[in-house]
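Subject: Structure handover

Hello,

Here is the structure for you to look at. Please open it alongside these notes.

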Amino acid sequence: MTTSNPPMIGPMRPTVDLSHKLMCTYCKNPHPNIIEEFGQGDLVCADCGLVLGNRIIDTRSEWRTFSNSDDAGDDPSRVGAAGDALLGGINHLEATTISRVDGGTGRARELSRIHDRIAGHQKEKTLLTHFKRIGTMCERIGVAKVVVDSAKQLFKKVEDDKLLKGKHTDSIIAACIYLACREHSVTRTFKEICGLTNVPKKDIGRCFKQIQKHLDTPSNQVSLDSFIARFASELDLDNSVQNAALQVAKKVSDDGMLAGKSTISLIAASLYFVVCLSNTVKTAAEVARVSGCTEATLRNAYRIMYQKRTELMEGLKVAKGMEALPVA
């Protein structure tokens, strides 16, 4: 007696071919030689060079470790910490790590002590401490990372070349931050750096001049545009007042009216000069506070500009006439 299989009810399910083979669409070699270039993220045919896929994911094992260095056990990490370009020669032995398979006792502990002594870890720790202080201070005044890195590089150059032997570290750090700001045209005044680091202006100035002598390229000059834009924003002045103040400041600078005065004094006096001719009411004390100079310094500079008010008013688009200027 024979039995027959019962008929299948419904549509047949499609079968999946699990022996899927990747083949080059150009050379169509039945035995493809395909290379996975994880460095580039490409899938390449080794015979003809056709790129079969891009942005592939590296599925190989990734050895990572989250273990504490004081704990025992095998550590799959075969290298030391990532090298820091700012640390220079300190990285040569820093990349070597003494294993603590025996729990940090015995031979491994002795080797670790000797390695730390040879590698100069104390010097590195001191340098890293100063780098951390520079980073914290720069963060407080809101400058970009490129300025922070430049300040660290300047500090390392000073320390390596021993340019300021006998100077206090705080003064060197303050001068490096100010120079880095000047290098990247970031508007920060001496007074702001003094308030940030609690270092007297004279000490910062001395370190600044000595470091500047040894720089390969001279630092950028203080930009009138950036300072005026920043101070005008803090004083809540509109664009017309800001443009007029920049026009006056450039005239004063080109004619040498305030020769011997600081750039900040020139900018503060120019802002006050234009504010008096606008519909915005700001006192000399407010302008001086935002600009970072004293009210007496601002009024002394304004007094000189008031004597030349006819020249400064030429071509100036302001809301009020010359009679609105307060008598100096």
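Predicted model: local features only at pLDDT ≥ 70, side-chain atom pairs only at ≥ 80, totals over all residues.

Residues are numbered from 1 along each chain as its sequence is written, and side-chain values use heavy atoms, with hydrogens and water left out.

**The chain overall**

The chain has 13 helices and three strands. Helices (H or I, at least four residues) and strands (E, at least two) are DSSP runs, numbered from the N terminus. There are 328 residues, and 34% of them count as buried. Buried means under 20% relative accessible area, exposed means over 50%, and partly exposed is in between (1.4 Å probe, protein chains only). The accessible surface is about 21300 Å², with 50% of that belonging to carbon and sulfur atoms. Those areas come from the Shrake-Rupley method with a 1.4 Å probe; for residues, only the protein chains shown count as cover. Take the contacts between residues at least 6 apart in sequence: 59% join residues at least 24 apart. Contact means heavy atoms within 4.5 Å.

**Helix 5 and its partners**

Helix 5 covers residues 169–183 and packs against helix 6 at an angle of about 140°, with the axes 10 Å apart. Axes are lines fitted to C-alpha atoms, for helices over the stretch in contact, and angles run from 0 to 180 degrees between N-to-C directions. Helix 5 and helix 6 are therefore oblique to each other. The cut-offs: under 35 degrees is roughly parallel, over 145 roughly antiparallel, 65 to 115 roughly perpendicular, and the rest oblique. Helix 5 passes helix 6 in a right-handed crossing. A crossing is right-handed if the near helix is turned clockwise from the far one by less than a right angle, and left-handed if anticlockwise. Helix 5 brings Ala 174, Ile 177 and Tyr 178 to this contact, and helix 6 brings Phe 190, Ile 193 and Thr 197. By type, the residues are five nonpolar, one polar and no charged. Ala, Val, Leu, Ile, Met, Phe, Trp, Tyr, Cys and Pro count as nonpolar, Asp, Glu, Lys and Arg as charged, and the others, Gly among them, as polar.

Helix 5 also meets helix 7. Their axes come within 8 Å and cross at roughly 60°. This crossing is right-handed. From helix 5, the residues include Ser 171, Ala 175, Leu 179 and Arg 182; from helix 7, they include Asp 203, Cys 207 and Phe 208. The contact of helix 5 with helix 7 divides into 10 nonpolar, one polar and two charged residues.

Arg 133 reaches helix 5 from helix 3 (residues 121–140). Arg 133 touches Asp 170 and Ile 173, leaving out residues up to four places away in sequence. Arg 133 and Asp 170 are 37 residues apart in sequence, yet 9.6 Å apart in space, C-alpha to C-alpha. Arg 133 counts as partly exposed because its relative accessibility is 29%.

**Helices 8 and 9**

Helix 8 (residues 224–234) packs with helix 9 at about 140°, axes 10 Å apart. The two are therefore oblique, and the crossing is right-handed. Among the residues that meet are Leu 224, Ile 228 and Ala 232 in helix 8, and Leu 246, Ala 249 and Lys 250 in helix 9. This contact has seven nonpolar, two polar and two charged residues.

Arg 230 lies in helix 8. Is Arg 230 buried or exposed? Arg 230 counts as buried because its relative accessibility is 18%. Arg 230 touches Thr 187, Arg 188 and Glu 192, again not counting residues up to four places away in sequence.

Gln 247 sits in helix 9 (residues 239–255). At 31% relative accessible area, Gln 247 is partly exposed. Beyond its neighbours within four places in sequence, Gln 247 is in contact with Glu 314, Gly 315 and Leu 316. The C-alpha atoms of Gln 247 and Leu 312 are separated by 8.7 Å, at 65 residues apart along the chain.

**Two positive phi values**

Lys 28 is not a glycine, but its phi is positive, near 50°. Lys 28 is in the segment before strand 1 (34–37) and is exposed at 57%. Asn 198, also not a glycine, has a positive phi of about 60°. Asn 198 is in the loop between helix 6 (190–197) and helix 7 (201–213), and is exposed at 69%.

Best wishes
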